[in-house]
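Please work through the following exercises with the sequence and the model at hand. Each task is followed by a solution in steps.

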Amino acid sequence: MPTPQAPFDLLLLPTWIVPVEPAGVVLREHALGIRDGRIALLAPREQALRIGAQVVRELPDMLLCPGLINAHGHAAMTLLRGYADDLPLQEWLHERIWPAEAKWVNEDFVRDGTLIAIAEQLKGGITCHADMYFYPAEASTAVHEAGVRAQISIPILDFPIPGAHDAGEAIRQGLQLLDDLKHHPRIRIAFGPHAPYSVSDDKLETIRMLAEEVDTPIHMHVHETAGEVDQAIQQQGERPLARLQRLGLLGPRFQAVHMTQINEQDIELLVASNSSVIHCPESNLKLASGFCPVDKLWQAGVNVAIGTDGAASNNDLDLLGETRTAALLAKAIAGNPSALDAHSALRMATLNGARALGLEQQIGSLEIGKQADLVAFDLSGLAQQPVYDPVSQLLYACSRHEVRHVWVDGKALVEDGRLTRLDEHELNERARAWGERIAQR
């Protein structure tokens, strides 16, 4: 006789399950079983109920899908939300943001800002985020405490930054942090050279060598504006992406953020190197940086994920809203209403993000053996009726306010819309206090 299966720790019974892989599938009247923090069963609900569970959770009118993955952001910049609005990128960066960061950013700023960002992201269904900011050790501590998953990038520039006197010190700190957290189940460390125009060849070559040696990703702003590309051609005689290819940085571990300026040569380099592109449509729109041709990249076979960027340039960390914007923008740019359909857009916000971060074996889809990072959206509201295609309804008729439950490693971090491990009131007070302090100066 076959050995009976042990009861699940948690059995979820939603109206719809969208596993993302296989693509385009919607399961109705199915159940998802969780055991030891992993997905242990995906089966018709009658079959699952025969096995039993310590906790059985009915989720009527809810869509269960993988936790959303925010593939690019600057979490602690929540404390600069609205501080420098309606400015072009270089003025925004050089005259407002960098001076403010030089004055205010310290360990407390990063710890508080990161926790506030994590809370906002969790309430919007984001279970994993890629962070690129100063004092990465503090950001890692916040991620650990909050119970979420993250890629933390070590910021590297040619000039001093908060927490590091030079690039060499930043790299040394990064290697130490990587060693300290190499066995952490939810945190991965990456190298984060800021941009081609702010990091010299010798430092990029060092980063490439170290990334290969320790097998860690490289996360970088690339081709964010036309001015950046034009300046590189004038000064160096080649496009930034071509320079990065020449220096050996492109490859499966390379994450190119923004990429609003793309020609056929760029696409060929991305395809040949199997690099990923992180699309941040709302930040690009707000800073008038340009348009990433997502459909063209998708059709060429480039892995495209999605990020919110920081709250200082977006101004929210709403990945579902970001994904809707990405889908609508892709259609307009391609001149094709079928470009980036709802299922593909959800894949971009989940499995494609996991692939970009090198985590596709752990998260990004609801498959047996993967970590139970999940989000349940409530489709029972008047604005979501009637439901013909739940994925289409999720993308085009829902907002982050429809998030009801969020789990990471099978642990509930949002229950009925409320945070379980973070004190929202306390974080709100911290944000207000920082805002008052910065505004006074």
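**Exercise 1.** Determine which strand gives the largest share of the lining of the second largest pocket.

*Solution.* Step 1. The strand is β9, which supplies three residues, the largest share of this lining. Helices (H or I, at least four residues) and strands (E, at least two) are DSSP runs, numbered from the N terminus. The structure is a predicted model, in which local features need pLDDT of at least 70 and side-chain atom pairs count only at pLDDT 80 or more, while totals for chains, interfaces and linings use all residues. Residues are numbered from 1 along each chain as its sequence is written, and side-chain values use heavy atoms, with hydrogens and water left out.

Step 2. The second largest pocket holds about 290 Å³ of space. A pocket is defined on a 1 Å grid over the protein atoms alone, as an open set of points where a 1.4 Å probe fits, with protein on both sides within 12 Å along at least five of seven lines; lining residues have an atom within 4 Å of a point. Grid points are joined across faces, edges and corners, and a volume is the space filled by probe spheres set on the points.

Step 3. Of the 17 residues that line the second largest pocket, K182, H184, I187, R188 and I189 are the closest to its centre. Two or more lining residues come from each of β8 (149-156), α5 (167-180) and β9 (187-193).

Step 4. Sorted by class, this lining has nine nonpolar, three polar and five charged residues. Here Ala, Val, Leu, Ile, Met, Phe, Trp, Tyr, Cys and Pro count as nonpolar, Asp, Glu, Lys and Arg as charged, and the others, Gly among them, as polar.

**Exercise 2.** Describe the lining of the largest pocket.

*Solution.* Step 1. The volume of the largest pocket is about 390 Å³. Its lining comprises 27 residues, of which L93, W98, E101, F134 and H194 are the closest to the centre.

Step 2. Helix α2 gives the most to this lining, with seven residues. The classes in the lining of the largest pocket are 17 nonpolar, seven polar and three charged.

**Exercise 3.** Is D86 buried or exposed, and is H223 buried or exposed?

*Solution.* Step 1. Locate the residues: D86 lies in the loop between β6 (68-73) and α2 (89-104), and H223 in the loop between β10 (218-222) and α7 (226-236).

Step 2. Inspect the backbone. Most residues other than glycine have a negative phi, and most peptide bonds are trans. D86, however, has a positive phi of about 65 degrees, and phi of H223 is near 50 degrees, also positive.

Step 3. D86 is exposed, with a relative accessible area of 69%, whereas H223 is buried at 0% relative accessibility. Buried means under 20% relative accessible area, exposed over 50%, and partly exposed in between (1.4 Å probe, protein chains only).

**Exercise 4.** Which residues are joined by cis peptide bonds?

*Solution.* Step 1. The bond from E21 to P22 is cis, with omega near 5 degrees. P22 is in the loop between β1 (8-17) and β2 (27-28).

Step 2. Q385 and P386 are also joined by a cis bond, with omega about -15 degrees. P386 is placed in the loop between β14 (374-378) and α15 (390-397).
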